[in-house]
Structures are given as C-alpha cells and as structure tokens.
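Dear colleague,

Please find below the sequence and structure that I am handing over to you. My notes on what was found follow directly after them.

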Amino acid sequence: IRNLVIVLGDQLNHDSAALDDFDNQRDRVWMAENQEEATHVWCHKFRLVGFFAPMRHFRDELSEKGRQVLYHALPTDGRKARTSNFASLLTTTLNEHDVQKMIVVHPGDHRVLESLKTVADEQSVALEIRDDRHFYCTIDQFRDWADGRNSLVLETFYRHMRKQHDVLMDGGDPVSGVWNHDKENRGTFGKSGPGDVPHTHHFRPDDVTQDVIDMVNQRFDDHPGKVDASSFDLPVTRSEALTLLREFIKHRLCRFGDYQDAMWSDQKYLYHSRLSHAINLHLLSPREVVDKAIAAFDSGDAPINSVEGFVRQILGWREFVRGIYWTHMPDYQNRNALQCDDDQDVPSFFWDGKTDMACVADAMRLLIEAGYAHHIQRLMVLGLFAQLYGTHPAKFHQWHMAMYNDAVDWVSLPNALGMSQWGDGGLMATKPYCASGKYIKRMGNHCKGCRYNPDEATGDDACPFTTLYWDFLDRHQQQFKNNTRMTMQLKNLQRKDASQMNAIRDRAQMIRRDELDL
Ligand code: FAD
Ligand code: SF4
C-alpha cells in the first residue's frame with residue numbers, strides 16, 4: 001500500500017484533504033469502529049448509532065467511488081471485536097500490509113492524535129498530518145491571532161473572522177451597521193408559548209443503520225438511553241444532512257434569532273438548527289451552512305438578528321472553541337479553576353432524569369430520548385446545575401461526551417469545562433455563567449409546573465438552583481471580588497443576613513451530599 005488514508009469517525013467529507021491525491025489502485029482508506037472508543041466514556045446508545053451509522057454509509061460511498069476501504073466493523077453478534085482499541089487495530093493493519101505512509105487529517109481529539117503518532121513511531125511508518133480545511137481557521141492561524149494577546153475575547157476573534165472571510169460585510173463595515181445583534185437574541189415566548197413550531201425531519205433508518213442499531217443494542221446494552229428504528233432520526237449521509245439544512249433555512253432560521261435563549265417545556269428543538277451533529281461529522285461544511293443562511297437574508301427570507309446570530313455561532317464560537325482547544329491542550333483538560341473536589345461527579349439524575357425539578361427533568365427527558373438539548377438547556381439548566389452543585393469540570397465534560405450526539409473532544413471540552421463550568425478560570429468566558437432559578441423562570445414556563453419556588457433560597461420549597469446560587473457566590477466571593485462583571489451579584493450577596501446565609505449553606509450542603517431527594 002502506498003498511502004493508508006485514515007478516516008476518523010468525525011471526518012466524513014469526500015472533499016477531505018486526506019483524499020486529495022488518492023490513487024484507487026495503490027492506496028487504501030482505513031476506518032475503524034472500536035470498542036474502546038465507545039466505552040472510554042460510557043456512551044448513550046443513540047450517540048453510538050449517531051457515529052457508527054454515518055461511518056458505514058461513508059464506507060459504502062467510498063466503495064462506490066472505487067476506493068478500496070479497510071473497514072473494521074464491530075460484530076453484531078456480541079463476539080469480542082478482533083482487537084478492541086484504535087492503536088491495536090491500526091498496528092494489526094500495519095503488520096498485515098506493507099504500508100509506505102499513513103495520511104490523516106488533523107484529528108479532533110488530542111488523545112487520538114497522540115495515539116496515531118505513537119503507532120507511527122513504533123511501527124516506523126511515516127505519518128502525514130494534513131490541515132482540516134473543513135474549518136475556516138487553521139490551528140496555526142488561530143495561534144497567530146492569539147499570540148501576544150492578554151486575553152482571548154470571542155467578539156474580537158469574531159470580527160476578525162468576519163473581515164477576513166468577508167462574511168456579512170459591506171466593505172470594511174458590518175452589513176447592518178452593527179457587529180452583533182446579541183440583544184435581539186433574548187426573546188421569550190411570553191405566557192402564550194411558542195405555538196406551532198415547524199417540526200424537524202425524521203430520517204428513517206435504512207438497512208445499514210438498522211444493522212448498527214442492532215449491533216449497539218447487543219454490544220452496549222448496559223449503556224444509558226435506548227435506541228430503536230422508531231426513535232433514531234439523525235441524518236447519516238450528506239444527502240440527508242442537506243435535507244436538514246434546507247429545512248432549517250426554510251422554516252426555522254427566520255425565528256432563530258428572536259428565540260435563541262428561550263425555553264419551553266416538551267419542546268425539543270424550538271427554532272434551533274439541530275445541525276451540530278452533521279457539521280461535526282463533516283457531513284456539512286460550515287461554509288455552506290453560513291452561505292445558505294446569508295442567502296436567506298439576501299432574499300429577504302430571514303432577518304438580520306437571526307442570520308447574524310446564527311453566523312456568530314458557526315464562524316465565531318465554533319471556530320473559537322477549536323482554537324482554544326488546540327492552543328491549550330493537553331493542560332486544558334486538567335484545569336479546575338474553582339477547585340472542585342476530584343470525586344464530585346454529576347448528580348445521579350443526570351443519568352436517568354429522575355428529579356422533581358421541572359426544568360432539569362424536561363432537559364433530561366429530551367437528552368435521554370434523542371441525545372440532544374439546545375444551547376440554553378445545556379448552559380443555563382444542566383450546565384448551571386452542575387456548576388452550582390460543585391461538579392468537577394472534567395467529570396462534567398466526561399458526562400457530556402457520553403450523552404450528546406454532537407460531542408467531539410475539541411468542541412465539548414472548551415464548552416463543558418470552560419464556558420459552562422468556568423474550569424479554565426476565564427479563557428472561554430469572562431465571568432461564570434451562574435444564575436438563580438429566577439433566570440430559568442424568566443426564560444420559559446418550567447417553574448410554573450414545578451414543585452419548587454424559584455424565588456425561595458431556603459425552606460422545603462426552595463428552588464435548588466436558587467439555594468446553590470447564593471452558596472456558590474458565598475464560596476467563591478474571594479476569587480471573584482476583582483471581577484467587575486461580578487460586582488452586582490456580589491453586592492446582592494452582601495445584603496443577605498447571617499442567619500439567612502447559614503440556612504442557605506446548610507441546605508446547599510445537604511443538596512451536595514445528596515441528602516435531599518430532589
Ligand atoms: P444551534 O443553536 O442551531 O446553533 C447553530 C450551530 O452553531 C450549531 O449547530 C453549532 O455548530 C454552532 N454552535 C453554537 N454554539 C456553539 C458553541 N458554543 N461551540 C461550538 N459550536 C457552536 N456543541 C457541539 O457541537 N458539540 C458539543 O459537544 C458541545 N458541547 C457543549 C457543552 C455545553 C455545556 C454547552 C453550553 C454548549 C455545548 N455546545 C456543543 C455548543 C452548543 O450548545 C451546540 O452546538 C448546540 O446546542 C447544538 O444544537 P444546534 O445544532 O441546534 O445549534
Ligand atoms: Fe427549575 Fe427551580 Fe424553576 Fe423548578 S423552580 S423549574 S427547579 S428553576
């Protein structure tokens with residue numbers, strides 16, 4: 001074999017740089033489903049199908065194009081896989097074939113990158129790592145941008161990207177006169193609710209996907225969640241992903257901006273795109289997604305607060321978190337700025353959703369059913385609870401990797417450990433996203449049907465978010481005293497009298513020790 005082209009599970013684009021000079025006669029593609037990857041974190045069954053089914057479809061598409069693929073599939077019948085981890089599977093292939101060189105596009109996981117380098121060294125086979133052109137910004141370009149800056153601020157990076165890629169620009173100025181329509185992204189559904197939200201496409205599993213569903217249910221039957229032909233509805237090919245993109249642009253982008261931060265019970269996607277899984281697997285490119293949104297603005301089908309808000313997520317946040325990951329790994333994964341206890345894990349109801357807290361139970365129901373929660377549920381419900389509860393940031397990230405369809409290390413780690421848990425001490429966010437139950441009350445309807453009261457911090461009816469919020473500020477006030485963005489919150493804390501604070505601390509302690517049946 002001249003070149004062994006390694007295609008990882010989140011690199012399913014036919015225009016990948018790894019395939020640039022592929023010779024159908026002399027080269028082979030190598031892909032592997034491996035047991036270790038699936039059990040390294042205790043993955044949700046839905047997520048496993050969401051990764052393995054697109055891989056098998058991509059394998060078949062490559063074969064149709066005349067590419068020869070060495071594909072290691074996990075057997076359905078539950079027999080032990082030939083070898084179980086990435087490194088040993090690759091080593092076996094290198095021992096069985098005379099391979100001159102391995103080619104791979106830069107992986108999205110530091111651990112996988114190191115593992116590849118180690119195998120290449122041990123087997124004395126050359127390894128070429130190519131830039132991933134899926135992203136707007138290469139890792140080196142981000143390093144150059146970050147070099148010499150005291151702090152890395154999303155807004156500065158976002159403006160730089162807008163100018164560099166001429167996105168929503170009118171010459172040197174933003175097309176609408178302002179860079180950021182964030183203030184127009186905070187609408188709520190008021191008392192009447194969201195009404196009829198256009199539903200999203202349900203992709204029916206074909207035979208290939210059904211085989212994966214069967215395999216996952218056999219091999220990983222003790223993993224969280226469940227998956228079957230009627231529930232699995234993710235796109236597994238580029239053509240299905242394009243259908244999802246078209247549908248979002250046509251029916252939901254127009255209100256995405258207004259309701260980006262809103263919540264409503266029993267509403268899975270609201271006006272969110274649900275595209276992260278397809279984009280992260282490279283079934284869609286961020287450029288085409290951004291271009292389609294801008295075309296909707298140009299044709300008058302979507303307003304600027306929606307289109308700019310959406311572009312900010314993809315061209316801004318998505319590229320920014322990748323830059324943070326690769327400029328700060330491997331140390332980043334060990335950061336724990338709030339000094340949480342090493343063994344403080346997520347609460348048990350983060351696995352089964354069994355809690356009376358209406359907002360948490362609702363987010364968990366959707367997560368268990370479909371491996372999805374929208375951004376505000378991730379950040380301001382589940383993430384917020386984990387942070388106030390004192391969960392160790394690495395444990396929160398592990399839980400996130402286990403549960404969400406779109407979780408890949410480069411994007412989950414900065415979001416989960418950094419943005420949500422403030423584990424990186426302010427690289428991703430200038431202040432922690434901490435709030436009481438009143439925020440959740442304002443943004444949706446969950447508190448109405450909840451046994452807890454968001455306005456109370458003590459007593460049997462006290463909302464656990466509210467109790468833990470004051471306790472969080474109390475525990476970390478020294479750390480935040482010089483952070484001007486925390487001044488108001490800390491001032492409010494000073495207004496609590498000693499007996500109130502003692503009652504809050506006691507109740508918070510009981511929550512953290514799992515002594516209350518929440
Ligand atoms: P939309 O709300 O429709 O947003 C559009 C797109 O913007 C998304 O599809 C995504 O590609 C991109 N995007 C938006 N915000 C971010 C962000 N902060 N970082 C990167 N991309 C962003 N996103 C992931 O793709 N994978 C993860 O593992 C992940 N983990 C997260 C963990 C936490 C605790 C939080 C708070 C956020 C996380 N995010 C993650 C970001 C964001 O919540 C999801 O991208 C989004 O909810 C996916 O749903 P959607 O496609 O409907 O997004
Ligand atoms: Fe969530 Fe508290 Fe509101 Fe209940 S009262 S829904 S726990 S914020």
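This is a predicted model: local features need pLDDT of at least 70, side-chain atom pairs count only at pLDDT 80 or more; totals for chains, interfaces and linings use all residues.

I begin with one strand pairing: Leu4 has Met102 as its bridge partner in β4. The strand β4 covers residues 101–105 and runs parallel to β1, to which 4 bridges join it. Strands are paired here if DSSP finds at least two bridges between them. The strands themselves are DSSP runs of E with at least two residues, helices are runs of H or I with at least four, and both are numbered from the N terminus.

Residues are numbered from 1 along each chain as its sequence is written, and chains are lettered from A and ligands numbered from 1 in the order in which they are written.

As to confidence, the protein chain has a mean pLDDT (the predictor's confidence in each residue, from 0 to 100) of 94, and 99% of its residues reach 70 or more. For the complex, the predictor gives an ipTM of 0.98 and a pTM of 0.95.

Strand β1 and its partners

Leu4 also has a bridge partner in β2, namely Arg28. The strand β2 (residues 28–32) pairs with β1 in the parallel sense, over 3 bridges. In β1 (residues 3–6), Asn3 and Val5 point one way and Leu4 and Ile6 the other way, yet all are buried. Buried denotes 20 or more other C-beta atoms within 10 Å of the residue's own, exposed 12 or fewer, and partly exposed the range in between, with C-beta atoms placed from the backbone.

Domains

The protein chain is divided into domain 1 (3–130), domain 2 (139–204 + 233–329) and domain 3 (349–512); such bounds come from an automatic or database domain assignment. Between domain 1 and domain 2, the C-alpha centres lie 30 Å apart. Their contact takes 10 residues from domain 1 and 11 residues from domain 2, where contact requires C-beta atoms, placed from the backbone, within 7 Å. On the domain 1 side, helix α2 (residues 45–64) supplies the largest share, 4 residues.

Ligand shells

Ligand 1 is surrounded by 28 residues, the closest being His272, Ser273, Ser276, Gln313 and Ser412. A residue is near a molecule or strand if its C-beta atom, placed from the backbone, lies within 6 Å of it. Domain 2 and domain 3 each provide at least three residues of the ligand 1 shell. By class, this shell has 12 nonpolar, 12 polar and 4 charged residues. Nonpolar covers Ala, Val, Leu, Ile, Met, Phe, Trp, Tyr, Cys and Pro, charged covers Asp, Glu, Lys and Arg, and the others, Gly among them, are polar.

Around ligand 2 there are 14 residues, of which Cys359, Gly437, Cys447, Cys450 and Cys463 come nearest. Two or more residues come from each of α13 (358–370), α17 (437–443) and α18 (464–480). The most, 3 residues, come from α17. This shell has 11 nonpolar, 2 polar and 1 charged residues.

Thr467

Thr467 lies in helix α18 and counts as buried because it has 28 C-beta neighbours inside 10 Å. Thr467 and Gly437 are 30 residues apart in sequence and 8.7 Å apart in space, C-alpha to C-alpha. Beyond its neighbours within four places in sequence, Thr467 is in contact with residues including Ala457, Ile504 and Arg507.

With kind regards

Definitions and conventions. Two residues are in contact if their C-beta atoms, placed from the backbone, lie within 7 Å.
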